[in-house]
Amino acid sequence: QVQLVESGGGSVHAGGSLTLSCAASGLIFESCERGWYRHVSGPRRDLVSRITGNGTTIYADSVKGRFTVSQDNAKNTLYLQMNDLTTDDTALYYCAARTGPNCAFKHWGQGTQVTVSS
C-alpha cells in the first residue's frame with residue numbers, strides 16, 4: 001500500500017525558510033514523476049515543483065530561484081526547500097507521486113500547512 005507522509009510545514013514570517021519532507025512507503029521514488037503541489041482555494045492543486053521520470057526538475061514560475069526539490073533515495077524521502085517565503089506561498093502543500101505500469105496511478109499525501117505572515 002502506497003503511503004506519502006508530509007511534514008515540515010508551519011508558520012514563518014515573510015523572508016523565512018522552511019523545508020518540507022515527504023516520506024514514502026510502498027513505492028520507490030525513481031522512474032515515475034514525483035513532486036509537490038499546493039492548494040489555496042477551489043478544487044485545483046497547483047504544481048509547485050516536480051521531478052520527472054528521467055530526473056528533470058520543473059518549477060512553477062512563482063517559485064523559481066526560491067524553492068528547490070530534491071530526494072534522498074536511501075531514505076525514500078522527497079524534500080522541498082523553500083527560501084525567501086512570501087505571503088503568496090501560504091497554502092496547504094501536498095506531496096504526490098506516480099506508480100504502476102506507465103506511471104498511471106497518482107498518489108497524494110495528506111498535506112502540510114505552510115503559513116507565511118507579513
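Cys32 counts as buried at 10% relative accessibility, where buried means under 20% relative accessible area, exposed over 50% and partly exposed in between (1.4 Å probe, protein chains only). The model is predicted, so local features need pLDDT of at least 70 and side-chain atom pairs count only at pLDDT 80 or more, while totals for chains, interfaces and linings use all residues. Residues are numbered from 1 along each chain as its sequence is written, and side-chain values use heavy atoms, with hydrogens and water left out.

Cys32 is bonded to Cys103, with the two sulfur atoms 2.1 Å apart. The torsion about this S-S bond is about -80 degrees, so the disulfide of Cys32 and Cys103 is left-handed. This pair links distant parts of the chain: Cys32 lies in the loop between S3 and strand S4 (34-39), and Cys103 in the loop between S9 and strand S10 (105-108), 71 residues apart. Strands (E, at least two residues) and helices (H or I, at least four) are DSSP runs, numbered from the N terminus. Cys103 is partly exposed, at 22% relative accessibility.

A search of the whole structure gives 2 disulfides, a disulfide being a pair of cysteine sulfur atoms within 2.5 Å. Cys22 and Cys95 form one of them, with an S to S distance of 2.0 Å. Here too distant parts of the chain are linked: Cys22 is in strand S3 (residues 18-25) and Cys95 in strand S9 (residues 91-99), 73 residues apart. The S-S torsion of Cys22 and Cys95 is about -75 degrees, so this disulfide is left-handed. Cys22 is buried, with a relative accessible area of 0%, and Cys95 is buried, also at 0%. Counting bonded cysteines along the chain, the disulfides follow the pattern 1-3, 2-4.

The protein contains 11 strands and 0 helices. Its radius of gyration is 14 Å, close to the 13 Å given by the globule rule for 118 residues, so the protein is as compact as a globular protein of that length. The radius is taken over C-alpha atoms, and the rule is 2.2 Å times the number of residues to the power 0.38. The C-alpha trace spans about 45 × 25 × 25 Å along its principal axes.

Of the 118 residues, 38% count as buried. Among contacts (heavy atoms within 4.5 Å) with a separation of 6 or more, 53% come from residues 24 or more positions apart.
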